[in-house]
Amino acid sequence: MDDDLFLTTPASMSSSKPLRINLDLRLYRARLARMQAALAVDPEAKRQLLRQAEASLRTCLAMDSSDARGYVVLGKLLAQQKRYDEARKLYADGTTATGNTSAYIWAAWGYLEALTGNVARARKLFDAAIVVDETHAAAWHKWGMLEMRQGNYLRARDLWTSGISKCRRVSSRSNTYLYCSLAVMAAELGKLSEARAWFQEGTRLAEGRCSCALWHAWAMTEARLGDPSAVRYLFKRSLEANPRSRYAHLAWAMWERQQGNAAASLQLLARGSSLNPADAALYQARGIVEKEAGRCEQARAVFKQGLSVDAAHLYLWQAWGVMEFQLGRFDEARRLFQEGVWADPGNKDVVFIFQAWGVLEQRTGNAALARELFKAALKVDPKNESTWSTWIKMEEDLGRLEAANELRIRRSEQQWEFVIPASFSTRPAGAADLAGSADDGSSSSSASGAAAGLVQSLLGTLNRFFSARGAAVPGGAAAAGGSISSSSNGARQQQLMRELLPSDFRADLTLEDIINEASALEVGASSSSSSSSSSSSAGSTVSQTGSIDSSSSSSSCSRPLHGQPADGSAEGAAQAAVDGASSSSSGGASGWDSSIGRSRSKELFRRQRQQQRSEQEMGLQRRPTMPAGAGKQQSQ
């Protein structure tokens, strides 16, 4: 569509503000350019698209300075380029122009301050967003994530549960991330039954059944226990919700790698890279799997290809350097580490390159240089445990025990431990009522899972108590009907988990079937997107990207590997999904096809038919409805 094409009004009807549709068209073009920049492989093309998006957004602000959408999207674009001061000034101007009434600007500003380490100011901004709109789920979620990272688990839990209570009367995709965060926090604290209960409540919602982040996080939680059929089923549901999700492809591939399925892992990574050619983390993972398979030349080619996509991705430099170090090519490893340090020196993750470089110098006998590299690493991140441990071990091996003890003292000054009360629970009194009337059919399985979790928690506490006294648990599991072996306990855990899964779960699900079904979904989504774009006047630019990943505009979900499996990316998926809630959802979601939602969908359809008949009998005429999202302010 030509940029000069606008709808006009007669001179008698002209006003100071342009027509809403003109502003919507420019915002659409700016968002499309931003998404295309995220998928662009050529750095020059990426910079050109970003400049195009910024210019279009500034034009939108000039057309209507009271529209909050332009401030939020442009602020995210500036923060993505690390232009933090410009983003702060923009948000301040936006709050003034909108009369301090936009919760989206307050929440986006709060996330920027949290990203840059201004915790106290971020709390005030999140509080302002909730005061303006208490149903703004993104503000509840981001504030809770901030508190959890600061070790305030109780505060984070209260914020998320309050958000569920306030936001459930407003249907929004962002609501599902509150359930996801509570479930992930419960899983990290070892409260598996509570995590499963939150996952179950979240996926019972209409929005939750189509949430890639929720199914992905559940799959990562269950991956710690085994039961490959259930894990693959959950990953399959996440790709059904978003067939292009790079996070689901990466996490699933790393899980298959842990299971020893290198071929399946490479297949998933190759498919993820084909759908997301600008994602450097997928190239890094492919290079690591190729190296472990003994194909070092292929690994080098993959690492080089990834750096051509994103030369500032530090974990690619680190993984490539570690591979050359392990192969005995020390000079090449030093060159890669040095280039990696200068690729993005202001990034905190450069600590991993310094640490790996220090290990190389230690192994080659350059202890003095290794010390300087360890010092540089700890200057970047004083709390990096791997660097402290490696340095202390080196001093002990050299016989410098006093220096090692001094380092231990310095490490204890930098470290702290979050103490979680034994009675802490992510499901306080009344939490079971937060789901409202989402679905009463699964309440019995949820209650049974929670009861089983309480029993397991109590037995675990008693075991720890009596093991400290050198005795066994009195009666132990026999009080519940005899001794229970570890194998039967594991089988019971798997059975409880399967009771929480939707009814279309198949225990005989194979990896090949899942990948074929996901590929079919992607083809269908791409063909439907291409046909719809070719029939519209906007046309050719949309069909180039197919179905756009709603999480592709985020930069904080995919947890880098830096030489190790990505086993904790669920928290990032919830955050990235919330950050990307402003973009349109991708096609191909088939969560509505499960038998869980059929009865409710039929009931809604029946009510709509009755309402139409009653209106026809009364002689009422319905106005033509606009397409979903047309002229409607989307959540930023």
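1. Among contacts in the chain with a separation of 6 or more, 62% join residues 24 or more positions apart, a contact being heavy atoms within 4.5 Å. Please keep in mind that this is a predicted model, in which local features need pLDDT of at least 70, side-chain atom pairs count only at pLDDT 80 or more, and totals for chains, interfaces and linings use all residues. Residues are numbered from 1 along each chain as its sequence is written, and side-chain values use heavy atoms, with hydrogens and water left out.

2. On confidence, pLDDT is the predictor's own score for each residue, from 0 to 100. The chain has a mean pLDDT of 74, with 64% of its residues at 70 or more. Residues 1-15 have pLDDT below 50, and beyond near neighbours in sequence this stretch has 16 contacts in the model. Residues 468-486 are also below 50, with 11 such contacts. Where pLDDT is low, the predicted coordinates should not be read in detail.

3. Now the overall make-up. The chain has 29 helices and 0 strands; these are DSSP runs numbered from the N terminus (helices H or I, at least four residues; strands E, at least two). Of its 636 residues, 48% count as buried, meaning under 20% relative accessible area, with exposed over 50% and partly exposed in between (1.4 Å probe, protein chains only).

4. How many residues does the largest nonpolar core have? It has 91, and those with the most contacts inside it are Trp160, Phe235 and Leu269. Helix α9 (residues 175-188) gives the largest share of this core, 9 residues. A second, separate core has 29 residues, including Leu316 and Val351. Such a core is a set of buried Ala, Val, Leu, Ile, Met, Phe, Trp, Tyr and Cys residues joined through side-chain atoms within 4.5 Å.

5. Phe235 deserves a look on your screen. Leaving out residues up to four places away in sequence, Phe235 touches His216, Ala219, Met220, Ala248, Ala251, Trp252 and Trp255.

6. Thr135 is found between α6 (119-132) and α7 (137-149). Is Thr135 buried or exposed? Thr135 counts as buried because its relative accessibility is 17%. Beyond residues up to four places away in sequence, Thr135 touches Lys166, Cys167, Arg169 and Val170.
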